[in-house]
Structures are given as structure tokens and as C-alpha cells.
Amino acid sequence: MSPIVFVVGGVVIVALLVYVLRGNKSAAGHKAQPAAMTWKVTTVTQETPSTVSFEVDSTLDFKAGQFVLLRPNAELPWRAYSFSRAPGAPLRLTVKRVEGGKASTYLTTKLKVGDPLEVKGPYGVFVVPSNFTRALFVAGGSGITPFLSQLHAQAGFGWPRPITLVYANRSKAETILRAEVEALQKDSNGKLEVIWVADDGSESLKGPLTTEVLTAALSSSTGFDFISTCGPQPMMDNVREVATKAFPGVHVLEEKFSAAPEGSATGPSHELQVIVDGNPKSFPVKEGEHVLAAARTAGIGLSAGCEMGACGVCRVRVLDGKIDVPQDSCLSDDERGQGYALVCVGTVKGNCKFEPAP
Ligand SMILES: Cc1cc2nc3c(=O)[nH]c(=O)nc-3n(C[C@H](O)[C@H](O)[C@H](O)COP(=O)(O)OP(=O)(O)OC[C@H]3O[C@@H](n4cnc5c(N)ncnc54)[C@H](O)[C@@H]3O)c2cc1C
Ligand code: FES
């Protein structure tokens, strides 16, 4: 073989290896954004008075526990919805109506078979590690959806490890996909334990899931090495408190369904500068105020998706200063190290300059 052919061949192989090892990461070292898709609704099922599930005509490669951003039309905001079935099964999303909520009211009252949906994703890091010994899942209301996906996936693997699911609702009648959870429990041959909780006393354990109720529910449980929770924030705070005491050292993974509360935005004001298409634009932000909210107030549009620190659509690269991003967001330690931040949940304590991530 001639030396030129040898050298060129070597360069091509190295380039291919770099491409494969990077996977879906862009040259800047962060995840590339998935392209938008259009799905068509194929079924709509009323699950409870306030909840519907719908299936779509498409397929998507995702991990159990992940979500997509969707909107039925351009007048409605993008919102995040988790798959409620395992990867590989017909795609299904399950939406609970939030009082006064724009997207959820439309999806639970107006959506019909044949309707198109604009969709982006999948996103999210709310996934179960493959090496747990015994897992605890704590779901509240619509927070069951990512767990349903994970439980169906465990069923597909033949229930390799035991799981305890604490599933809390206002009432038995409002419990989303209760029969499906029961069927999974039966199928699991004792591997899935379910502790049913209802605030109105219609289940074996009466809620709400306070630290006392949760401690009592788990009093005979030992040895969880993976704990995850999804539901109202006060419930998730209680799970963290109980888990920290009862199972020290075990990491608690949280999925927030509703927006992170704004910090007190009454502190001193700082100046932010964003570089858009090479042009700097400056705007003020108060300490505690989310950078995205401050940009909007100033009439500067920045990309956003879930607005809860879960999808990464609002990622920016900090050029000068610092944007503080909560630890429980989807930003990886690698990305933090490389100077990336999320403006939807990010706040500052001083002046800062940044640019949207490519
Ligand atoms: C990663 C992720 C996955 C999600 N998966 C699902 C899912 O599978 N099924 C599902 O039903 N929802 C899910 N959600 C919640 C969903 O994205 C929307 O936030 C919810 O449907 C409300 O949107 P909306 O436009 O109807 O309400 P908005 O018009 O945004 O809000 C109306 C009012 O309701 C409050 N609010 C907003 N969201 C919630 C909430 N979740 N609970 C209580 N109050 C709220 C707001 O503070 C506001 O006061 C998920 C959220 C995230 C971040
Ligand atoms: S908009 Fe989803 S992480 Fe910021």
C-alpha cells in the first residue's frame, strides 16, 4: 500500500472514530437539539375525569422516563409530556388537566383523532440506572407517567429486580391508569410492590404524603439503592427528607412537572449582555430573577422549551461572569465545566455576558 493511501486511510478512520465516540454531541461538546417532527393523533382515551391518554402514528427512539415537548398548534405554548409506555410500544402520552392551564386544558378537552401535533425530543435524564439492586419510586398524580414507562420497560426485561412504587392521589377515582398499574403488579410475580395512597381515605393508606405518612409506609422496607420521585414539589421535598434519614447516601432523582418557583427578585440589579448574531444586547436582571424572564421583560426572545430546567433547549454559553443553575436540572457536570448554563432556571449574582448555544 502506498504511504499516501495509508495516511489518508488513517485520517478517515480516526475521523470516523471521533464521530462515533461523540454520539449525539456537537463539536462544542454538548447535546445537539433533536429536529421538530409532526405527529398525528390516532386514539384519544379518557382515563379519569381530568386525564386523557393519546396515541400517535409515529415511532421514536427514547429511554423509559424521557419526555417530548409538544404543541397542538402555534397559538399554544410548548409543553413537556412524558411517555407513559415503554420504548418500542405504540407511543402514548397521558395528560392531566391543570386548573387554568393553557396546553393541558386543550389537550384534555379538544384533542381529537387525526389532529397534528408539533413535537420535539426526546429529552430528559429521569431514567433508571441498569445496576440498581432495589428501587423506590414515589409518584403523585400525573407524576406516574414516567414511572409507567419505566415499569413497562422492567416488565419487558422480565422484572430483574424488586421495585416499590408509592402512588399517591387525591382519590381512588382520580388515580390515573390504576388498572394498568395493578396488571403490572400481577405480572411481576411479587417483584413490584405497590403502596396505594389517597387523600380522601379511599385507598389503604390515607394521604397526603407527609413525612410521617411516608415514614410509616416505608417502615418495613430496607435497602433501596435507587430512589426517584415525580409529583407535586411538597411531596418530592418530603420524599427527599425521609430518604435522607432512612436511607443515608442514596441519591434521590427528581422530575419536576411544574415551573421552578422564582427566587425573590427583589435583590440588586445586574446587567446581562447576550450576543445574538454577533450583536450585543443588554438588559437588566434582579438577583433571584430567572435570566429568561428578565430577557422577555426586555423584549429579547431567547429559545425555550420546558422552562423547568428539564430539556436543555434554553442552553447558553457563558462568555464572562456566571449564571447559577440548580443542581437538579438536566445540565450535566461536563456541560457546567464547559461554561454552559440554562437561562430558564438560571440566576445571577453579578454582571454576565453569554451567547445562545449553537
Ligand atoms: C419533564 C416534564 C414532563 C412532564 N410530563 C407530564 C405528563 O406526562 N403529563 C402531564 O399531565 N403533565 C406533564 N408535565 C407538565 C406539563 O408540561 C405542563 O406543565 C402542564 O400540563 C401544565 O401546562 P399548561 O399549559 O396547561 O398550564 P400553564 O398555562 O402553564 O399553567 C397554568 C397554571 O398552572 C400551574 N401549573 C403548571 N404546571 C403545573 C403542574 N404540572 N401541576 C400543577 N400546577 C401547574 C402554573 O403555575 C399556572 O399557575 C411535565 C412537565 C415536565 C417539565
Ligand atoms: S427551557 Fe427546558 S431547560 Fe430551559
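**Exercise 1. Identify which residues come nearest to ligand 1.**

*Solution.* Begin with the shell: a residue is near a molecule if one of its heavy atoms lies within 4 Å of it. Of the 22 residues around ligand 1, Arg-79, Ala-80, Tyr-81, Lys-96 and Ser-104 come nearest. The model is predicted, so that local features need pLDDT of at least 70 and side-chain atom pairs count only at pLDDT 80 or more, while totals for chains, interfaces and linings use all residues; side-chain values use heavy atoms, with hydrogens and water left out. Residues are numbered from 1 along each chain as its sequence is written, and chains are lettered from A and ligands numbered from 1 in the order in which they are written.

Next, sort the shell by residue class. The shell around ligand 1 holds 9 nonpolar, 8 polar and 5 charged residues. Here Ala, Val, Leu, Ile, Met, Phe, Trp, Tyr, Cys and Pro count as nonpolar, Asp, Glu, Lys and Arg as charged, and the others, Gly among them, as polar.

**Exercise 2. Describe the polar contacts of ligand 1 with Lys-96, Lys-102 and Ser-104.**

*Solution.* A polar contact with the ligand is a pair of N or O atoms within 3.5 Å. An oxygen atom of ligand 1 is 2.8 Å from a polar backbone atom of Lys-96, and an oxygen atom of the ligand is 3.0 Å from a polar backbone atom of Lys-102. For Ser-104, an N or O atom of the side chain is 2.6 Å from an oxygen atom of ligand 1.

**Exercise 3. State which elements give two or more residues to the shell around ligand 1.**

*Solution.* Helices (H or I, at least four residues) and strands (E, at least two) are DSSP runs, numbered from the N terminus. The elements that give two or more residues to the shell around ligand 1 are β4 (79-82), β5 (92-96) and α2 (102-109). Of the elements, β4 gives the most, with 4 residues.

Technical notes. A polar contact is a pair of N or O atoms within 3.5 Å; within protein, one must be able to donate a hydrogen and the other to accept it, and residues adjacent in sequence count only if both atoms are side-chain atoms.
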